[in-house]
Amino acid sequence: MKEVIIMICSTVGALFILSTSVAMLRQPDVYLRISVTAKASTLGVGMILLAAAIYFEAFPVVSRILAIIVFIFLTVTIAGHMLAKAAYITNIPVWKGTKIDELAGKYDPETHVLYSESPDKNPAKLDKKPDGKLE
Amino acid sequence: MSFENYFYWVIVPILAVSVILVFVRFLKGPSMADRVIALDMLFLVSICIIAIFSMLFDQSTFLDIAMLFALIAFFSTTVYAYYIEQKNKR
């Protein structure tokens, strides 16, 4: 019975990892890839580490595995957010099928400060386009 | 089918195929952020492989290496993001 649960957990986790890596290859954009990594891979890693926790079922090992799972759930999202912000600031192009880009023109291209509205409405930045070129 | 055979013939090949697919994205990636996120994904898949092999060899101390890899993945991704952000700053 224990082996069956371990097999099911590890299979689900491995299939999630496989779907994430296929999506890494097929998504058209940096931001979609970061989104896919932050969503699916946490579940895949969590399922496989849960299978390891069921296999060992000793208190030191299970607490260590829970620490790894919590650490991954916290850090993958933070790292993905930082990387997406850096990619957006350095003007990596957004996929042409993207409908809404709510961040367009809200980052100051020199100081990397996020404004709540477009810098065109900001009097200090009146002479700059959103992509950093002078008019 | 026994437990070890299932891991050897199903789980480990799935993870190996996913490592190959992510590594293709690591080689192809048009921008540097693509490569960094592919590197992060490679670290995550390697954590899975370490967990699978710790079950196969019945060595729970391998999971310390998995924790170390999670730390390295987070720090390398954040430091590379900071580097990409500050690289073209005038």
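**Entry 1: the contact between the chains**

I began with the contact between the two chains, which takes 40 residues from chain B and 43 residues from chain A, where two residues are in contact if their C-beta atoms, placed from the backbone, lie within 7 Å. On the side of chain B that touches chain A, the elements giving two or more residues are α1 (3-28), α2 (32-56) and α3 (62-87) of chain B. I noted that helices (H or I, at least four residues) and strands (E, at least two) are DSSP runs, numbered from the N terminus. The most is given by α2(B), with 15 residues. I then sorted this side of chain B by residue type and found 28 nonpolar, 7 polar and 5 charged residues. In this sorting Ala, Val, Leu, Ile, Met, Phe, Trp, Tyr, Cys and Pro count as nonpolar, Asp, Glu, Lys and Arg as charged, and the others, Gly among them, as polar.

**Entry 2: what kind of model this is**

I wrote down that this is a predicted model, in which local features need pLDDT of at least 70 and side-chain atom pairs count only at pLDDT 80 or more, while totals for chains, interfaces and linings use all residues. Residues are numbered from 1 along each chain as its sequence is written, and chains are lettered from A and ligands numbered from 1 in the order in which they are written. For chain B the mean pLDDT (the predictor's confidence in each residue, from 0 to 100) is 90, and 98% of its residues reach 70 or more. For the complex, the predictor gives an ipTM of 0.89 and a pTM of 0.85.

**Entry 3: chain B as a whole**

I looked up the secondary structure of chain B, which comes to 3 helices and 0 strands, and the elements run α-α-α from the N terminus on. The radius of gyration of chain B is 16 Å, well over the 12 Å that the globule rule gives for 90 residues, so chain B is more spread out than a compact globule. This radius is taken over C-alpha atoms, and the globule rule is 2.2 Å times the number of residues to the power 0.38. Taken along the principal axes, the C-alpha atoms of chain B fill a box of roughly 60 × 25 × 10 Å.

Of the 90 residues in chain B, 37% are buried; a residue is buried if 20 or more other C-beta atoms lie within 10 Å of its own, exposed if 12 or fewer, and partly exposed in between, with C-beta atoms placed from the backbone. Among the contacts in chain B with a separation of 6 or more, 45% are between residues 24 or more positions apart.

**Entry 4: helix α2 of chain B**

I returned to α2(B), which has 25 residues and reaches 36 Å from its first C-alpha to its last, close to the 36 Å expected at 1.5 Å a residue; the expected span is 1.5 Å times one less than the number of residues. Because 19 of its 25 residues are buried, α2(B) is largely enclosed by the rest of the structure. Just after α2(B), Asp58(B) takes a positive phi of about 60°.

I also checked the UniProt record, where an unreviewed entry places the feature "transmembrane region" at residues 6-24, 36-56 and 62-84 of chain B; such annotations may be inferred rather than shown by experiment. In the model, residues 36-56 of chain B are 100% helix and 0% strand, with end C-alpha atoms 30 Å apart.

**Entry 5: chain A and its helix α3**

Chain A has 3 helices and 0 strands, and 32% of its 135 residues count as buried. UniProt, again in an unreviewed entry, places "transmembrane region" at residues 6-25, 37-56 and 62-84 of chain A. The span of residues 62-84 of chain A is 100% helix and 0% strand, and its end C-alpha atoms lie 33 Å apart.

The 31 residues of helix α3 (residues 59-89) of chain A should span 45 Å at 1.5 Å a residue, which agrees with end C-alpha atoms 45 Å apart. The buried residues of α3(A) include Arg64(A), Ile68(A), Gly80(A) and Leu83(A), and the buried residues of this helix pack against α2 (30-56) of chain A together with α2 and α3 of chain B.

Val70(A) and Gly46(A) are 24 residues apart in sequence and 9.0 Å apart in space, C-alpha to C-alpha.
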